[in-house]
Amino acid sequence: MSAKWGDRPGARYIKDVSGLTTIMLHLMPKRTESEVYLADKIDATELLRFIEKKNAEHDNYKTTVFHCFVLAVARMIRERPKMNRYVQGRRIYERDSISLTFMAKRRFADDAEEAFMQVVPKDTDTIDEISHQIYGDVREARKSEHSTGGIDATVDAFAKIPHPLLMLVFKVLRWLDFWGRIPKSLKDGDSNYSTVLLSNLGSIKGPAVYHHLNNYGTNSIMITVGTLHKEEMVMPDGTKEVRDVLDFGATIDERIGDGFYFVRSLRLVKYIFAHPEILDKPFGEPSGFEY
């Protein structure tokens, strides 16, 4: 896609927005002023059956519920492009690519460091490629107690700058961020510049929570995933059944879409969990979900 006036690196300027949205950009210029919260649960029973069969096919790595959740959210964003938008400089932009970032503990201890992990699905990727990538990235990060490069090393380097000078540095960074001029080397791998920031609290037996957005960067969606558990649910035919359920909490910048758009996007994620064979399709192929 050729760049046009107003576009920014990796994103195009969305000029055709409603008058209400334009006013919102000025009434609520900060992302933290525009947060909407969503708490819901997903029936993961069919997905667990899919995962059990999938993991019987290979033993060098394991596909997990979180891996599937990452790809399901990525598929939703691909088919629901407004979910890949962000507000910066009081204008709306739509990214050219989809990126999902999460944190991984280098070891399960209070004083252990965390490492940034990022998934950028390719059109040919299926759940096998995504699982293999995440498994490999996490295993590699846990080989060291400390950051060995990338955005983690950059963050550590900034943290060593004397406090008064660091304040000045971040004033400059925030000005560059407003005008979309942050160097690519500082954006690559940074969760503040990803489409979605994810937190798998279920991996430490924690509940799904609401997590704030950040006024720095372009990230407009933050999702936390809780612990998988059994819960009685009412089925479509009116009967009750104990199912495997996954809780999650999401925080979204309301300026990128409206409630109707957000709810329909959530329906697509639930559809993928109910029909997990979609995850075996190449990422570039549509899910086939009909609204």
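Predicted model: local features only at pLDDT ≥ 70, side-chain atom pairs only at ≥ 80, totals over all residues.
Q: Is Met24 buried or exposed?
A: Met24 sits in helix α1, residues 19–27. Its relative accessibility is 15%. The cut-off for buried is under 20%. Met24 therefore counts as buried.

Q: Which residues does Met24 contact, leaving aside its neighbours within four places in sequence?
A: Met24 and Arg255 are 231 residues apart along the chain, yet their C-alpha atoms are separated by 7.0 Å. Arg255 is one of the contacts.

Q: How far apart are the end C-alpha atoms of α6?
A: Helix α6 covers residues 163–178. At 1.5 Å a residue, its 16 residues should span 22 Å. The model agrees with that, because the end C-alpha atoms are apart by 23 Å.

Q: Which residues of α6 are buried?
A: On the other side of α6, Pro164, Leu168, Lys171 and Trp175 are exposed. The buried residues are Leu166, Leu173, Leu176 and Asp177. They cover an arc of only 95 degrees around the axis, which puts them on the same side of α6. So the buried residues are Leu166, Leu173, Leu176 and Asp177.

Q: Which residues form a nonpolar patch on the surface?
A: Leu165 lies in α6. Leu165 is partly exposed, with a relative accessible area of 44%. The patch has about 270 Å² of accessible area together, and its members are Leu165, Leu168 and Val172.

Q: Which residue forms a salt bridge with Lys270?
A: Side chains of opposite charge can pair when their charged atoms come close. For Lys270, the closest N and O atoms of the pair are 2.9 Å apart. The link joins helix α8 to strand β2, 230 residues apart. The partner is Asp40.

Q: Which parts does the salt bridge between Lys41 and Glu231 tie together?
A: The closest N and O atoms of Lys41 and Glu231 are 2.5 Å apart. Lys41 is partly exposed at 32% relative accessibility, and Glu231 is partly exposed at 23%. The two lie 190 residues apart in sequence, so the pair ties together strand β2 and strand β9.

Q: Which residues are linked with Arg49 in a network of salt bridges?
A: Arg49 meets Glu46 at 2.7 Å, N to O. Both lie in helix α2, three residues apart, about one turn of the helix. The network links Arg49 with Asp43, Glu46, Glu241 and Arg243.

Conventions:
Residues numbered from 1 in each chain as written. Heavy atoms only, no water. Helix = DSSP H or I, 4+ residues; strand = E, 2+ residues; numbered from the N terminus. Buried < 20%, exposed > 50% of the residue type's maximum accessible area, 1.4 Å probe, protein only. Contact = heavy atoms within 4.5 Å. Patch = residues over 30% accessible without salt bridge, like charges linked within 9 Å, V, L, I, M, F, W, Y side chains within 5 Å. Areas by Shrake-Rupley, 256 points an atom, 1.4 Å probe, with all protein chains shown as cover. Salt bridge = Lys/Arg side-chain N within 4 Å of Asp/Glu carboxyl O. Expected span 1.5 Å × (residues − 1). Arc of directions from axis to C-beta.
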